[in-house]
Amino acid sequence: MRKILYLSAALAAAAAMLCGCAKKTNYADYISEKRYAVYLYEDDAESIKIYCSEKESPFVADGVKGKTTTVTEIYAKLSGEPETVNISGGGITGGEMSYMTVRDCWYLSCGETIEGDSAELTVIKDGAEKTYTLPKAGTGGALTCEQALDCVTEHDRQLFDSLTVNGIFEGEIFVRMIYNGACYYYVGVCGRDSTVHAYLVDGASGRIIAEREHRI
């Protein structure tokens, strides 16, 4: 009888120890880039995109999450060939945009964020003003960044388990909202060896549309 009691106590202690070691990992804590909102304007001659993100600064894809900051990026393809472009409104200070030859557009980045279902931006091209209304994409029930990540962890549990040691995730995660007629998410899982497992997630259903692996 005494042996049975000792055995029961030992098993209970072992079970308690195992429960204590089984620390639940919140993978959202390891997101080093989260593009959570997109605002869009487009007509036959011009287009403007606004990306609102929380992003590691400086951004380095090395499998280690650094300190993140708020970043709002504005990309504008404008008619004509203006010499100078300034932008204001939308709840941000704005300022002078720079021309990006590689992307053939005007660009501005700032540390403020835009909120609401639309943004009103005033663009000043060589002194001439025009105001644009940019609706927020994905307002019809799209997944959040965290929900899109949950879909990926469920889809490829083996990958996340392989990168998790004692409840600590040995990597960093990129989650970017994309809008192309519908809402999608890019989810990239970067290990310490700079190998990235990338997934394209349907922003409405959470279905994994495509996946690939590459090294940075």
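Predicted model: local features only at pLDDT ≥ 70, side-chain atom pairs only at ≥ 80, totals over all residues.

Trainee: Is Cys190 buried or exposed? And could you then walk me through the strands?

Mentor: Cys190 is buried, with a relative accessible area of 0%. Compare that with Cys151, which is partly exposed because its relative accessible area is 22%, and the cut-off for buried is under 20%. As for disulfides, the structure has zero of them.

Now for the strands. Take strand E14, which covers residues 195–202, and strand E15, which covers residues 208–215: they run antiparallel and are joined by seven bridges. Together E14 and E15 make a hairpin, with five residues between them. Look in the turn for Gly206, whose phi is positive, at about 80°.

Next, find the open sheet of four strands. Its order is E5-E4-E8-E9, and the pairing is antiparallel. At the edges sit strand E5 (92–96) and strand E9 (128–135), each of which pairs on one side only. Going from one strand to the next, the twist averages 20°. Zoom in on E5 and its partner, strand E4 (residues 85–89): three bridges hold this antiparallel pair. Among the residues involved, Asn86 has Glu96 in E5 as its bridge partner. While you're tracing strands, here's a handy rule: side chains in a regular strand alternate between the two faces of the sheet.

Definitions and conventions
Residues numbered from 1 in each chain as written. Heavy atoms only, no water. Disulfide = S-S within 2.5 Å. Buried < 20%, exposed > 50% of the residue type's maximum accessible area, 1.4 Å probe, protein only. Pairing = 2+ DSSP bridges. Helix = DSSP H or I, 4+ residues; strand = E, 2+ residues; numbered from the N terminus. Axes fitted to C-alpha atoms, helices over the stretch in contact; angles between N-to-C directions.
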